[in-house]
Amino acid sequence: MSEQQLYGEIYHYKEQLSEATTRFWNQYSGPDTWYFWFNIAAILLPLLYLYFKVDKRRLFEISFYGYTAHVLWSNADYILSSYNLLAHPHSLLQAVPGGISVTAVIFPVTFMLLYQYCTNKSKNFYLYGIGASIIFAYGFGYISKVLGLLKMHNGMNLTFLFLIDIAVAFISLWATRLFLKIKSKSQGE
């Protein structure tokens, strides 16, 4: 098969996938379903809570942590979805990735506030991060599976989610510490 033929086949399958995704969203995830309203709440409520609870004096530091967590989990989610290991069947919009509320908002906001708490109170982030990851993976992940918000295939399970949560939380911490170190050196502290 030539390069053009293979590209044409891929393009054809993407068109079919797009049509099927649109039909699925219109029938099972649109504004007349509870999934739609859950997704809106899962985005707006954590952001609203964060607005009132975030330490405004450390806004950029805490936001950097959250942004790093968001980017890492969103990319992991994209890769897992691409390989059919993980799926979020009910997205907010048909053109938006399915896990947007979890990977883009709920996880980062939760861990931003955990980071803030641990650094403000001199608590061990590693222990709290592991505890929060257990709750997130085995609690929120399990409930999401039961409610049909999350589907796992090809050997993917809650333990893998737990390990990804830990990796994202810790890498985000290390990246934030690195940037704080760079900032303090540039300011001569």
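A nonpolar surface patch is built from nonpolar side chains that lie within 5 Å of one another, in residues with over 30% relative accessible area and no salt bridge. In this predicted model, one such patch is made by Trp34, Tyr142, Ile143, Val146 and Leu147, and its area is about 510 Å². Helix α5, residues 125-146, gives the most to the patch, with three residues. Trp34 belongs to helix α2, which spans residues 34-53. Because its relative accessible area is 41%, Trp34 counts as partly exposed.

The aromatic residues come next. A pair of aromatic rings is described by the distance of the centres and the angle of the planes. The count for this model is 20 aromatic pairs. One of them joins Tyr65 and Phe125, whose ring centres are 5.8 Å apart and whose planes are at 75°, an edge-to-face arrangement. This pair links distant parts of the chain, since Tyr65 is in helix α3 (residues 59-82) and Phe125 is in helix α5, 60 residues apart. Both Tyr65 and Phe125 are buried.

Another pair is formed by Trp73 and Phe107. The centres of these two rings are 6.4 Å apart and the planes are at 70°, so the pair is edge-to-face. Here too distant parts of the chain are linked: Trp73 lies in helix α3 and Phe107 in helix α4 (residues 100-120), 34 residues apart. Trp73 has a relative accessible area of 6% and is therefore buried. Phe107 is buried as well, because its relative accessible area is 1%.

Tyr65 and Phe125 also belong to one aromatic cluster, together with Tyr115, Tyr126, Phe170 and Trp174. A ring of another kind of contact is that of Tyr51: the charged end of Lys56 sits over this ring, 5.0 Å from its centre.

Charged side chains also meet each other. Side chains of opposite charge can pair when their charged atoms come close. A search of the whole structure finds two salt bridges. In one, the side chains of Asp55 and Arg57 meet at 3.3 Å, N to O. Asp55 counts as buried because its relative accessibility is 10%, whereas Arg57, with a relative accessible area of 76%, is exposed. In the other salt bridge, Arg58 pairs with Glu61, and the closest N and O atoms are 2.8 Å apart. Arg58 is at 15% relative accessibility and so counts as buried. Glu61, at 19%, also counts as buried, because the cut-off for a buried residue is under 20%.

Most residues other than glycine have a negative phi. Ser122 is not a glycine, yet its phi is positive, at about 55°. Ser122 is found in the loop between α4 and α5, and its relative accessible area of 68% makes it exposed. Asn154 likewise has a positive phi, near 55°. Its place is the loop between β2 (151-152) and α6 (158-186). Asn154 counts as exposed because its relative accessibility is 60%.

Ser81 and Met152 are 71 residues apart in sequence, while their C-alpha atoms are 9.4 Å apart in space. At 27% relative accessibility, Ser81 counts as partly exposed.

Conventions: Residues are numbered from 1 along each chain as its sequence is written. This is a predicted model: local features need pLDDT of at least 70, side-chain atom pairs count only at pLDDT 80 or more; totals for chains, interfaces and linings use all residues. Side-chain values use heavy atoms; hydrogens and water are left out. Patches are made of residues with over 30% relative accessible area and no salt bridge: like charges are joined within 9 Å, nonpolar side chains (Val, Leu, Ile, Met, Phe, Trp, Tyr) within 5 Å. Accessible areas come from the Shrake-Rupley method with a 1.4 Å probe; for residues, only the protein chains shown count as cover. A salt bridge is a side-chain nitrogen of Lys or Arg within 4 Å of a carboxyl oxygen of Asp or Glu. Helices (H or I, at least four residues) and strands (E, at least two) are DSSP runs, numbered from the N terminus. Buried means under 20% relative accessible area, exposed over 50%, partly exposed in between (1.4 Å probe, protein chains only). Rings of Phe, Tyr and Trp (its six-membered ring) pair if their centres lie within 6.5 Å; planes under 30 degrees apart count as stacked, over 60 as edge-to-face and the rest as tilted. A charge sits over a ring if NZ of Lys or CZ of Arg is within 6 Å of the ring centre and within 35 degrees of the ring normal.
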